[in-house]
Amino acid sequence: MSEAPVIDHQPTNSTAPATAATAATAATAATAGGLPALSLVPKADAQQSARDFKSDQEVRWCPGCGDYAILAAVQGFLPELGLARENIVFISGIGCSSRFPYYMNTYGMHSIHGRAPAIATGLATTRPDLSVWVVTGDGDALSIGGNHLIHALRRNVNLKILLFNNRIYGLTKGQYSPTSETGKITKSTPMGSLDAPFNPLSLALGAEAGFVARTIDSDRKHLTTVLRAAAAHPGTALVEIYQNCNIFNDGAFDALKDNTTAQEALIRLEHGQPIRFGTNGDKGVIRDPHSGELTITDVTDANAHQILVHDAHATSPTTAFALTRLADPTTLHHTPIGILRDTTRTVYDTAMTHQLDTAVEQHGKGDLSALLAGKDTWTVVG
């Protein structure tokens with residue numbers, strides 16, 4: 001089901017987007033106030049509900065797809081932000097998840113394969129009065145789009161990236177993806193994949209992302225909590241969402257969803273709390289005093305004080321990175337979910353705005369005509 005991208009999805013019954021003058025005012029506020037935040041985005045005139053964020057388009061995912069749950073969660077939590085719908089933008093690339101902008105009654109763009117972060121970067125840096133979201137999949141973001149993804153994270157642009165990870169190519173009918181486990185048998189790997197899979201969170205932390213989190217499509221409460229935190233974060237926020245593809249990779253995350261196995265498989269991270277999991281919290285994460293590695297141990301009275309306390313705000317990403325390496329890529333045992341890192345650093349948009357304002361102050365406003373016909377041009381006569 002491959003369709004041409006839809007450009008400039010506009011919310012129904014909305015006013016026009018903020019003018020350039022409004023954007024300039026917001027940019028000045030961002031520079032004066034430091035990090036850009038939701039306070040720069042105009043507020044809605046009236047209280048909103050999930051219905052206000054549902055477009056009139058028929059939702060065309062396969063019945064039972066995990067994308068439905070994510071869509072409902074996003075539509076359900078956005079009214080809490082109280083932002084004007086015409087100042088919210090969803091940009092996607094190519095893939096099943098990338099139909100998302102069709103179904104949001106906001107502005108949006110269904111763009112090209114892997115390039116959503118690049119397009120969103122241009123929009124976010126020039127329009128600080130917008131809340132900009134990227135919706136992408138493991139194939140879209142981590143194959144052709146890998147370069148754009150890591151540089152958006154490195155720059156710390158003020159945008160939010162929702163990475164739907166179903167560990168398969170769904171739109172093109174079931175080939176292995178950059179996150180498929182080694183040995184995965186698919187139409188394109190009939191004898192099993194030879195590739196070592198990407199760990200998206202390890203990749204994001206290696207690119208110095210300031211906000212990195214993981215959640216699950218079917219856990220509405222946890223998903224909403226993570227989305228809320230990502231929306232409020234100044235700079236780039238990456239949220240990996242484990243999403244079931246019931247047609248081509250059904251049950252990929254059953255170990256994390258089944259009540260009989262989830263307690264042993266999932267490590268729920270909470271800032272400031274000991275990292276414990278399992279039945280009655282009988283397992284925990286400690287740092288080996290000799291190797292410095294994080295390991296799983298049975299919690300006893302003797303070692304309870306050694307259980308690592310989660311610090312999402314740690315300046316160094318070292319421990320967060322080590323946490324992402326605990327999960328077994330095949331069985332998914334010891335998979336951490338929650339906010340692994342939530343730190344603040346210079347936001348690219350703010351720094352760029354300050355630089356432009358300084359240039360105008362020192363040299364005056366630029367003249368495009370003078371630039372095009374400057375010292376490096378000449379006139380041929382006769």
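Where does valine 299 lie? Valine 299 sits in the loop that links strand E10 (294–298) to helix H11 (318–324); helices (H or I, at least four residues) and strands (E, at least two) are DSSP runs, numbered from the N terminus. Please keep in mind that this is a predicted model, where local features need pLDDT of at least 70, side-chain atom pairs count only at pLDDT 80 or more, and totals for chains, interfaces and linings use all residues. Residues are numbered from 1 along each chain as its sequence is written, and side-chain values use heavy atoms, with hydrogens and water left out.

**Around valine 299**
- Valine 299 counts as buried because its relative accessibility is 18% (buried means under 20% relative accessible area, exposed over 50%, partly exposed in between, with a 1.4 Å probe and protein chains only).
- Setting aside neighbours within four places in sequence, valine 299 is in contact (heavy atoms within 4.5 Å) with Arg276, Gly281, Asp282, Lys283, Gly284, Ala304 and Ile307.

**The sheet**
- Three strands make an open sheet, ordered E8-E9-E10, with antiparallel pairing (two strands pair if DSSP finds at least two bridges between them).
- Strand E8 (276–277) and E10 are at the edges with a single partner strand each, so one side of each has no neighbour in the sheet.
- Strand E9 (residues 283–287) is joined to E10 by five bridges, and arginine 287 has leucine 294 of E10 as its bridge partner.

**Helices H4 and H6**
- Pro117, Ala118 and Thr121 of H4 make the contact with His148, Leu149 and Ala152 of H6.
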